[in-house]
There are 2 protein chains.
Amino acid sequence: MIELTPRLDETLEEALYMQLYHYIRGEIVAGRIPTNNRLPSIRRLSAHLGVSRTPVALAYDQLLAEGYIISKPRSGFYTADVETFSISPPTTYLKDQSNVPPSIPRSYHSSQEDLALYDFGYGSVDLDSFPLTKWRKLMNRCLLPENSRLLLYGDLQGDPELREEIATYLHQIRGVRCSSEQIIIGAGTYHSLDLLFQLLKRDVSCMAVEKSVNNGVKALLEQFRFDLHPLHLESDGIRIEEVYNSKAQAVYVTPSHQFPFGMTLSVNKRIKLLNWAKEHNAYIIENDYDGEFRYNGRPIPSLQSLDNDERVVYVGTFSKVLTPSFRISYLVLPHTLLEQFRLGRHSYDQLASPIFQKTLQLFMQSGDFERHMRKMRSLYHKKHDILLQAIRHVFQDINIDIIGTGSGLHILLRVRNGMNETQLVQTAKQKGVIVYPTSIYTLKQELTATPTVLLGFGGLSEMDIRTGIELLNKAWSAE
Amino acid sequence: MIELTPRLDETLEEALYMQLYHYIRGEIVAGRIPTNNRLPSIRRLSAHLGVSRTPVALAYDQLLAEGYIISKPRSGFYTADVETFSISPPTTYLKDQSNVPPSIPRSYHSSQEDLALYDFGYGSVDLDSFPLTKWRKLMNRCLLPENSRLLLYGDLQGDPELREEIATYLHQIRGVRCSSEQIIIGAGTYHSLDLLFQLLKRDVSCMAVEKSVNNGVKALLEQFRFDLHPLHLESDGIRIEEVYNSKAQAVYVTPSHQFPFGMTLSVNKRIKLLNWAKEHNAYIIENDYDGEFRYNGRPIPSLQSLDNDERVVYVGTFSKVLTPSFRISYLVLPHTLLEQFRLGRHSYDQLASPIFQKTLQLFMQSGDFERHMRKMRSLYHKKHDILLQAIRHVFQDINIDIIGTGSGLHILLRVRNGMNETQLVQTAKQKGVIVYPTSIYTLKQELTATPTVLLGFGGLSEMDIRTGIELLNKAWSAE
C-alpha cells in the first residue's frame, strides 16, 4: 500500500480536502503512485495525517468522481488506469459535486453555479415545456379541505383511479393489456424494481441481464444477490441463445431503447424471448423507461402486448415523459406475482405522494397528459435531429460513431481520437461541457474496446446543444 | 390438507370472491375446518374450482384481514385459532379493503365509505388542523418558472437548505447535535431504514431489537436477514443486560415512545446503552417517530443528544408531526456511516420530491412549522386526555388496563373480558369501530398473555373519540 504524506496547512485559504485532493491527484498524474495501487483507507489516512475523516472522505469522493481512483467493493480505493495527463477541471464543478455519486449521471444539481455549464445529463427533461400553470391548478384542487384525505397515506397499491388511467394509457400507447388491479404504483423505477425483486426472490435465483445496464439497477441487482448472467448486445438486442444457455429464471431487458446502447429488440427476438419464458416458466422484466419517445418508423409493440402467458412484468415511469420530481412509476404484474404482492410477504411502503398521484390522475383524465406527451415527442424529436446534425457537421477531423439514435433522450458517441474515456470526460469538462462515461454500466467491469460517452439532450435548448457540440469538438481535437 | 368444494354461482349478484369468502368463513366458524389446518394454495383452489385466481386471492385476502386464516411464510394459509363464533362484519368495510394488507394499521383509505366508521387508525393525523392555505401558497411558489429546476431529481442526499432547517430544528426540540451534512433525506421511515440497513449490513450481522416492533420495520429487518435478538420490555424500556448478553453489533430502539407499548426508555438505561455501544463499537438506531409529542413531564433528551462517541443513528419523520402524504423522513448519520454513504456502495434513490422538500423548507424557515408543531402538541394532548377520560368513564364493567399513555398518538388497551384479540377486533368492527391487533408486532410470533389492542387517536375528533369508546364498550360487554 502507498504511503501518502502531503503537507497540509490549515492556515491556507484552500480547504483541507482540496489540498489533499490536489496532492493525491498530483501524485497520480505525475506517475508517483502507479496504476492499480491500493490507497490507504479513509480511517487510516485520517489517523496518519492527524485530521478528521471528513476532509479525507471528501478528497477521495472528488478523486472518485473524476475517475482518478476507483473503489473496489470490500477492498478499498485504487488508483485508476488513467494515462499520465494533466488537467484542471473548473472549480465551479468541483465545489458542488461532493454529494453527487460519480456513478449516477442524472444531473443532481445542488447549486446555481453548475447551471452555467452545458450538461448533457441523461436525466434532464425540457423544463420550459412543462405545463406549470395547469399542474398548479390541478394540484391546488387536491389541497382543498374537501380532499384532505389526500394528506394521509392513501392506498398501498396506489390511487385506484390513477391506476385506471394508466391502464387505459398503456393500452393505447404501448399496447399493454392489463387491468388497473395489476398495476402497483411506485416512487421511481428503482423503487418499483425493489418491490419486484422482493416478489421474484422466492422463485428466481439466476437472472439474465443485458451486459450493460443502468447502474442504479445494477446496484439493486447486487443488493438482492441474484446470480447474474450477462447477455451480449447486438444491433437488434440481446442474443436469445445466451438466454437459452443460461440457468436464468428471469431476464431483465430494456427492449424499446437499450440502456445505454440504444438498440431496439427486434420483433423476431421478442417472440423468441417470449417462447423461452413460456417454455421455462420464467419471467421477463421489460423496463420501458422511455418507450413513448420513438422518432423513426412505427412504434414497436411492447413485449407485454405480445405475451399470452403472463410471463412479462412491465415497468414504466413518468420521470421521462413528464418530470422526475413527482416520483411516480409503476409495475404491471402478472397475476402470479400479484398474488405474491397481496400475500404481503414483502416490505413495501407506498412512497409516491397521494397528492401527486391524484394530480396526475386529473391531468391524465383531462387529456392534457396525452397532449403533453405528443408535444414532447415532437420537441425531443427535433432536439434529437439537431444534435445529430450538429455532430455530423462539427466533428470533421475526429473519427466518431453515433450510437443508439431514433428514440429516447440520449445517444452515445464512440470516439477514436486517442483519448480514453476518462480523458474524453475530463477534457470536455475543461471546456464547460459535461458528458458521461459508459464503462460504468457494464455488468462485470471490463475495458470497452473504443471509448464511448453518453449525451442526454432532453434538458438542453437547441442553441445549447449546438454550442455544446462545438465546445466538445474543441476539447477533443488535437491541439 | 382440506378439500374445499363450495357451490359457486356466477349468475348470482354476489361476486364470486364473496361467495367463496362466505363459504370458507362458514366452514371455519362451524368448526368443519379444524384450527391450524392448511388450506389449498390459491393456484390449486382456482384450478379445482375452475375459476381464475383473482377471486380466490381476494377471498383469502379478506379472510386474512379478518383473522380467520393466517399466512405462514414459505408454507401457505392455515385456519387461525379463532374460537367458534359467528359474526358478520359490515359490508362497507369488506368491499373496499381488498388492497389493504392486514398487518399495517395506518388507515389506508381508498374509499369514502370507510370514513363513516370510527377508525382508531395509528397512522392518522388531524386533517382539519393542517394549514392547507399556507402550504398551497408556498408550494405554488415552488412551481413558478424561475424554480423549474425543482422539477428535476435534485440533490441525492436531499435539499441542502432543508437539511439546514432540520439540523436547527432537531437541535432545538430534541437536543440532536449534527451538521446538515450528516442528514440524509428519505421518503418515509421505511425508506430511510432501508438505506441505513444497507449501510450497516457490512459491519452488522446480529441486531438486538425490541421484542415488539412496527411490522413494516420487522419486514425490512427480515428482508435484510439480520440475525435478530429480541429484547424484553419493562416499564422503563429494554433490559440492558440482554443487550450485553447478545452478540449484537447494533440495537434498534424507539426510546421516546416504544412502538407499540408506549414506555419511555429511562435516562439511566439510556446512559447504560450508550456505554454498551461505546465499549462494543456498536450502533444504536434511535427511531424517534413521534418524539415531538410528549404531554406530561419534561421532555427526555434523545439518545443522540447524549452520545459523545458517534454511535447513535437518529431516525425521524414528518409523517406524524405534519402529514404522511409529503413522504419526508430523515436519517442523522454518524461520520463513519456518512463515509459509507458517500462511497456509494448502496442502491439509494432520493424518493422525496424536490417540490415538497422545498415547500417544507420554506414552511420551516418562516417559523410556521414550529408553530404548527406546538399547536398540534396541545391539540393531541387534549385528545389524549379525552380518550383516557372516556375510557375510564365508560368502561365500568370490563376489566381494562390502559398502556403507554403520556406521549405520542396511540395507546393500548389490555382487555380482560374473555375475548381473544381477534374477537376484540371483530366485535368492535361489528359496531363500526376499528381497533387494531398488537400480537402482529411481536418479533417472534407468540401468544400474548392478555389480549391487547391498539387505538390511535390523532385522526378522530373529540366527539368521535367519545362515541367510538361508547360503541367499544357495547361491543365488548357481555350481552
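**Backbone and core**

In chain B, the loop between α8 (215-223) and β6 (227-231) holds R225(B). The model is predicted, and in it the phi of R225(B) is near 55 degrees, a positive value in a residue other than glycine. Most residues other than glycine have a negative phi, and most peptide bonds are trans. R225(B) has a relative accessible area of 65% and is therefore exposed, since the cut-off is over 50%.

N281(B), in the loop between α10 and β10 (283-287) of chain B, also has a positive phi, near 55 degrees. Its relative accessibility is 51%, so N281(B) counts as exposed.

One joins F259(A) and P260(A), with omega about 0 degrees; another joins F259(B) and P260(B), with omega about 5 degrees. P260(A) sits in the loop between β9 (250-253) and α10 (267-280) of chain A, and P260(B) in the loop between β9 (250-253) and α10 (267-280) of chain B.

Helix α15 of chain A (residues 421-430) is largely enclosed by the rest of the structure, because nine of its ten residues are buried. Among them are L424(A), V425(A) and A428(A). At the start of α15(A), a side-chain oxygen of N420(A) comes to within 3.2 Å of the backbone nitrogen of T422(A). Just after the helix, G432(A) has a positive phi of about 85 degrees.

The largest nonpolar core has 150 residues, of which W476(A) and W476(B) touch the most other members. Beyond its neighbours within four places in sequence, W476(B) contacts residues including F395(B), I398(B), L424(B), A428(B) and V453(B).

Notes:
Residues are numbered from 1 along each chain as its sequence is written. Chains are lettered from A and ligands numbered from 1 in the order in which they are written. This is a predicted model: local features need pLDDT of at least 70, side-chain atom pairs count only at pLDDT 80 or more; totals for chains, interfaces and linings use all residues. Side-chain values use heavy atoms; hydrogens and water are left out. Buried means under 20% relative accessible area, exposed over 50%, partly exposed in between (1.4 Å probe, protein chains only). Helices (H or I, at least four residues) and strands (E, at least two) are DSSP runs, numbered from the N terminus. A polar contact is a pair of N or O atoms within 3.5 Å; within protein, one must be able to donate a hydrogen and the other to accept it, and residues adjacent in sequence count only if both atoms are side-chain atoms. A nonpolar core is a set of buried Ala, Val, Leu, Ile, Met, Phe, Trp, Tyr and Cys residues joined through side-chain atoms within 4.5 Å. Contact means heavy atoms within 4.5 Å.
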